[in-house]
There are 2 protein chains.
Amino acid sequence: MVIHNMIDAEKGNITRADKRADRTRRKLLSAALEVFTEYGLDATTIEDITQRADLGKGTFYRHFQDKEEIATCLVDLSLNELLERLRNVGKLIKTLPEAIEHLLDAHYKFFLEENEKFILLFQGRLLVKLERRISEKMEGPYERYLHELEHLLAPFVGEKIDPMKIRRLACAVAGFVFGFFSFAMIGMEMEQVESSIQPLRQSFVKSLSSFLGYLPETGK
Amino acid sequence: MVIHNMIDAEKGNITRADKRADRTRRKLLSAALEVFTEYGLDATTIEDITQRADLGKGTFYRHFQDKEEIATCLVDLSLNELLERLRNVGKLIKTLPEAIEHLLDAHYKFFLEENEKFILLFQGRLLVKLERRISEKMEGPYERYLHELEHLLAPFVGEKIDPMKIRRLACAVAGFVFGFFSFAMIGMEMEQVESSIQPLRQSFVKSLSSFLGYLPETGK
DNA sequence: GTCAGACCTGACTATATGGTCATTCATAAT
DNA sequence: ATTATGAATGACCATATAGTCAGGTCTGAC
């Protein structure tokens, strides 16, 4: 909610005008998510967004500075949802492979349930090359994501984890989930997908564990 | 080579001017491949290309109509290389799973050896959503690719293959290779990658075979 | 009912990119 | 050496998109 209405804000009241502004902002965000995943970040124009939201062009600039800001905002929101899932550990985790299992599960469910948001976060390019014309603002949330990954895995790795390793791990996980998606593409039933992905999952978890220096014998 | 020089062309001679034009054209193509994979198709401008090629902007339009044409040209060239690999079957193929094995191998090697070209062909989006702002010209080579895939697989499938199935298969294969790439990203040795990808490969080949109606017992 | 304040609007301006063309440069024939 | 032909050039124009703002609309207080 954009707070221009200082009188009401000071009173701590939520006026109908505030609600209206909030609705408009939401409309813009949801429209932007749609067109971004449809046309891609670069190809969408501000008017694509406002037309999809059925609003005037000027309205966009009342809520966001530019395309980058709304994109960052969407990335932030989507990332928060993903991180929430990461933090929300079901069962107790004792080993690194278990932690990585959980990591995969969270991403994989996020992909299934919030497809557009996943695509926004891991939009092709991020996977394919690391150095790109990525704006400063866009790097922020991504750093946060990496930091959170480290936080999740650190307890199960002896020494401090090399930041480059975290980065690569992140790419690998996103790649894995997209790879998993390739199974879904051939129109298989979900149960069938789950079972055929199983051998890959195990192999992948093992690879990632040893990549982070895990030794099966010692359990460390 | 752009032939404006009719006198020499009629003579069947290749003049130094022709060679020069050809060199320029190649410079443009190679510069375009670089910037396309770096910035993405949408984000690159004509000047990005000419600057990278160290040429004047006007020169671009002497060789290509617009960005789309050079992109299509690159896609065509890259596709031809990929199709060449597909046609170049090493050993005799007798069953559908063997054909799919070969299909995977070709894509996988193409990805490793011609990374930029692979990325150009399967640029993120194609994977993620099928309906997009894809230009007519871009669809052409892609249709050709699908047709060639059908040609490769048809002998091992009884009835005619549903075009939609071919489309999905194509997406699945590209997705698989990107997924495979996720292994490579974590900095593993190539041999290690090959062995950890093995269970996945088998499972994937099986899934694709049955997706196309293959019954293991009958061998058809 | 009316008035102030905040939201929304779309015509307008500025800028960046696409695309053109008169000119310059390189080549090859005489 | 001269000249004709085609390649390369970059200043230039046209267009599309970013971003602005004066004016219209909605809301809530009095």
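Student: In the crossing of helix 5 of chain B and helix 6 of chain B, is the hand left-handed or right-handed?

Tutor: The model before us is a predicted one. In it, helix 5 of chain B crosses helix 6 of chain B in a right-handed manner. From helix 5 of chain B, the contact draws on B:Leu82, B:Arg85 and B:Leu86, and from helix 6 of chain B on B:Ala106, B:Lys109 and B:Phe110. Sorted by class, these residues are four nonpolar, no polar and two charged.

Student: What is the angle between helix 5 of chain B and helix 6 of chain B, and how far apart are their axes?

Tutor: As a general idea, the packing of two helices is described by the angle between their axes and the distance between those axes. Here helix 5 (residues 67-87) of chain B and helix 6 (residues 96-113) of chain B pack at about 140 degrees, and their axes are 9 Å apart. Helix 5 of chain B is therefore oblique to helix 6 of chain B.

Student: At what angle do helix 5 and helix 6 of chain A pack?

Tutor: In chain A, helix 5 (residues 67-87) and helix 6 (residues 96-113) pack at an angle of about 140 degrees, with axes 9 Å apart. That angle makes helix 5 of chain A oblique to helix 6 of chain A. The crossing of helix 5 of chain A with helix 6 of chain A is right-handed. Its contact is formed by A:Leu82, A:Arg85 and A:Leu86 of helix 5 of chain A, together with A:Leu103, A:Ala106, A:Lys109 and A:Phe110 of helix 6 of chain A. Five of the residues in this contact of helix 5 with helix 6 of chain A are nonpolar, none is polar and two are charged.

Student: How do helix 5 of chain A and helix 7 of chain A cross?

Tutor: The axes of helix 5 of chain A and helix 7 (residues 115-122) of chain A come within 9 Å and cross at roughly 115 degrees. The two helices, helix 5 and helix 7 of chain A, are therefore roughly perpendicular to each other. Helix 5 of chain A passes helix 7 of chain A in a left-handed crossing. On the side of helix 5 of chain A, the residues are A:Leu74, A:Val75, A:Ser78, A:Leu79, A:Glu81 and A:Leu82, which meet A:Lys117, A:Leu120 and A:Leu121 in helix 7 of chain A. This contact of helix 5 with helix 7 of chain A has six nonpolar residues, one polar and two charged.

Student: How many helices and strands does chain A contain?

Tutor: Chain A has eleven helices and zero strands. Of its 220 residues, 32% are buried.

Student: Which residues have the most contacts inside the largest nonpolar core?

Tutor: In soluble globular proteins, nonpolar side chains tend to be buried together. The largest nonpolar core in this model has 90 residues, and those with the most contacts inside it are A:Ala32, A:Val173, A:Val177, B:Ala32 and B:Val173. Helix 10 (residues 163-185) of chain A supplies the largest share of this core, eleven residues. Apart from neighbours within four places in sequence, B:Ala32 is in contact with B:Ile49, B:Ile70 and B:Leu74.

Student: Why is B:Leu112 classed as partly exposed?

Tutor: A residue is buried if 20 or more other C-beta atoms lie within 10 Å of its own, and exposed if 12 or fewer do. B:Leu112, found in helix 6 of chain B, is partly exposed because it has 14 other C-beta atoms within 10 Å.

Definitions and conventions: Residues are numbered from 1 along each chain as its sequence is written. Chains are lettered from A and ligands numbered from 1 in the order in which they are written. This is a predicted model: local features need pLDDT of at least 70, side-chain atom pairs count only at pLDDT 80 or more; totals for chains, interfaces and linings use all residues. Axes are lines fitted to C-alpha atoms, for helices over the stretch in contact, and angles run from 0 to 180 degrees between N-to-C directions. Helices (H or I, at least four residues) and strands (E, at least two) are DSSP runs, numbered from the N terminus. Angles under 35 degrees count as roughly parallel, over 145 as roughly antiparallel, 65 to 115 as roughly perpendicular and the rest as oblique. A crossing is left-handed if the near helix is turned anticlockwise from the far one by less than a right angle, and right-handed if clockwise. Two residues are in contact if their C-beta atoms, placed from the backbone, lie within 7 Å. Ala, Val, Leu, Ile, Met, Phe, Trp, Tyr, Cys and Pro count as nonpolar, Asp, Glu, Lys and Arg as charged, and the others, Gly among them, as polar. A nonpolar core is a set of buried Ala, Val, Leu, Ile, Met, Phe, Trp, Tyr and Cys residues joined through C-beta atoms within 7 Å.
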